Amino acid sequence: DGVLGTNCPIPPQWNFTYSFQVKDQIRSFFYFPSLHFQRASGGFGPIVINNRDLIHILFSKSDGDISFMIGDWYTHNHTALRSVLDSSEELGMPDGVLINGKGPYKYNTNVPDGIQYKTINVDPGKTYRIRVHNVGVSTSLNFRIQNHKLLLVETECRYTSQTNFTDFDIHVVQSYSFLVTMDQNASSDYCIVASARFVNETEWQRVTGVGILHYSNSKGHASGLLPLPSTDVSHPWFVVNQQRGIKGARPNPHGSHHYGQINITGTYILRSMPPTKINGSLRSTLNGVSFLNPSTPMTLADKHRLKGVYKLDFPSRPVDSKPPRLESSIINATYKGFIQVIFQNNDTKVQTFHIDGYSFYVVTMDFGNWTEDKKGSYNNWDAISRSTIEVDSHLQFVSLLYTSFSCLVVSFLMFSFRFNQGHGLLYLFPGITSEFEISEPRTLTDGILAKKHT
């Protein structure tokens, strides 16, 4: 539970019982391991929290509920993949893209015989809620169902203004819900497709994930060419418009937070650059800092009042006057402050930033470098509150607002926040997306935080 440094790992052959109340979290989640690249070996699955009958949601009850876990897959285990990264190499193309742990349907002659694929059985005329989670480690995926519309209703556990799509880009650790009506004739089955994005799609076509949507009165097998994404990633405005089109639901069932009327107490511009050599190893950085995990967990250092374990000196702006460096450097933010974070991507690849168990308002996406006058273009009315956001190398920056209740972690080696009430760690592996973890301490015993938000 939690991340290294804030919570102690669960040793092999041990167990940890985690009791929590779900309260108003009526949406789609998934669980996964957050240490040592273990997610690359599995250990993830969906968690669906349904509403009680007296609590209404913003759309009619579906006739069925289907969860999809899509993601890249490497035949090497997670320790071998970590060794690849530690040796300053990139993971490269995965060995496949899986849908609920299964390989592709034989949609062409390049797919070997005998591969198990996922089949979803449906009835004509019915509407299903489809929850899609990207559980991979580095690959953004486009999700689509042949000849069917996807009505977006949920983004990272928040209801959205409902919008129809033919396909949808889902980045690492992102989750979405769609309503899909089975309104096609049953002359044949239909393909469910998850294909790589923001790469050379022609070259990566061989690792496309394909499942089957099977009507109960279907008359034949799926055939023909797979459907293509509706947008071309070489035209960045098309990509931006999909994300800009995601708005918060109105009326907002989670309450009207008036986030646009709260005074901003701090600003952090976090610039990611292409990986660079530090002490002989290839490292990714934010503001020139690649996070070095201290030998003593930070929570234990606080408990025993140890000095020099970490520094509260993480730069709030990009620093060009110093060379990239390894440091146990933490942002010293204010508890319950309302801060804005600008992710500025100067890398050549898309980066995904995820805050686990927490959320923020995405108020703008734009090209170029962020400046103060960009605040005039913020969406201060119906921005979606979410936990994951991608920043394309074409896009350059994304601004978000959130209240610093506790601690923030961007996973995969970058930096760490300290919000007086706890800590978070940051890890960033080259070419891999970024993740956040949030922890709120209640009782600290031997380095274990007893409570995490979700």
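**Core**

I started with the largest nonpolar core, which has 30 residues, and Phe68, Phe143 and Leu213 touch the most other members. Core here means a set of buried Ala, Val, Leu, Ile, Met, Phe, Trp, Tyr and Cys residues joined through side-chain atoms within 4.5 Å. Buried is under 20% relative accessible area, exposed is over 50%, and partly exposed is in between (1.4 Å probe, protein chains only).

A note on the model before going on: it is predicted, so I took local features only at pLDDT of at least 70 and side-chain atom pairs only at pLDDT 80 or more, while totals for chains, interfaces and linings use all residues. Residues are numbered from 1 along each chain as its sequence is written, and side-chain values use heavy atoms, without hydrogens and water.

Next I listed what Phe68 touches, leaving aside neighbours within four places in sequence: Ile99, Asn100, Ile120, Ile130, Arg131, Val132, His133, Phe143 and Ile192. Contact is heavy atoms within 4.5 Å. There is also a second, separate core of 20 residues, with Val240, Ile331, Ile389 and Val398 among them.

**Sheet**

I looked up the strand order of an open sheet and got S4-S3-S6-S11-S8-S9, six strands with mixed pairing. Strands are DSSP runs of E, at least two residues, and helices are runs of H or I, at least four, numbered from the N terminus. Two strands pair if DSSP finds at least two bridges between them.

At the edges sit S4 (96-99) and S9 (158-165), each pairing on one side only. From one strand to the next, the twist averages 25°. The angles run from 0 to 180 degrees between N-to-C directions, with axes as lines fitted to C-alpha atoms, for helices over the stretch in contact.

I then checked S8 (residues 150-155) against S9: they run antiparallel and five bridges join them. Leu151 has Asn164 in S9 as its bridge partner.

**Salt bridges**

My search of the whole structure gave 12 salt bridges. The cut-off is a side-chain nitrogen of Lys or Arg within 4 Å of a carboxyl oxygen of Asp or Glu.

Asp65 and Arg131 make one, with the closest N and O atoms 2.7 Å apart. Asp65 is in S3 (residues 64-73) and Arg131 in S6 (residues 127-134), so this pair ties together parts 66 residues apart in sequence. Asp65 is partly exposed at 41%, but Arg131 is buried at 2%.

Arg197 and Asp169 make another, at 2.8 Å between the closest N and O atoms. Arg197 is in the loop between S12 (190-196) and S13 (209-215), Asp169 is in S10 (residues 167-170), and they are 28 residues apart. Both Arg197 and Asp169 are buried. Salt bridges with shared partners join Asp169, Arg197 and Glu201 into one network.

**Aromatics**

I found 13 aromatic pairs. Rings of Phe, Tyr and Trp (its six-membered ring) pair with centres within 6.5 Å; planes under 30 degrees apart are stacked, over 60 edge-to-face, the rest tilted.

Phe59 and Tyr159 are edge-to-face, at 5.8 Å centre to centre and 85° between the planes. Phe59 lies in the loop between S2 (45-48) and S3, and Tyr159 in S9, so the pair ties together parts 100 residues apart in sequence. Phe59 is buried at 12%, and Tyr159 is buried at 5%.

Phe168 and Tyr176 have ring centres 4.6 Å apart and planes at 65°, so this pair is edge-to-face. Both Phe168 and Tyr176 are buried. Phe165, Phe168, Tyr176 and Phe178 form one aromatic cluster.
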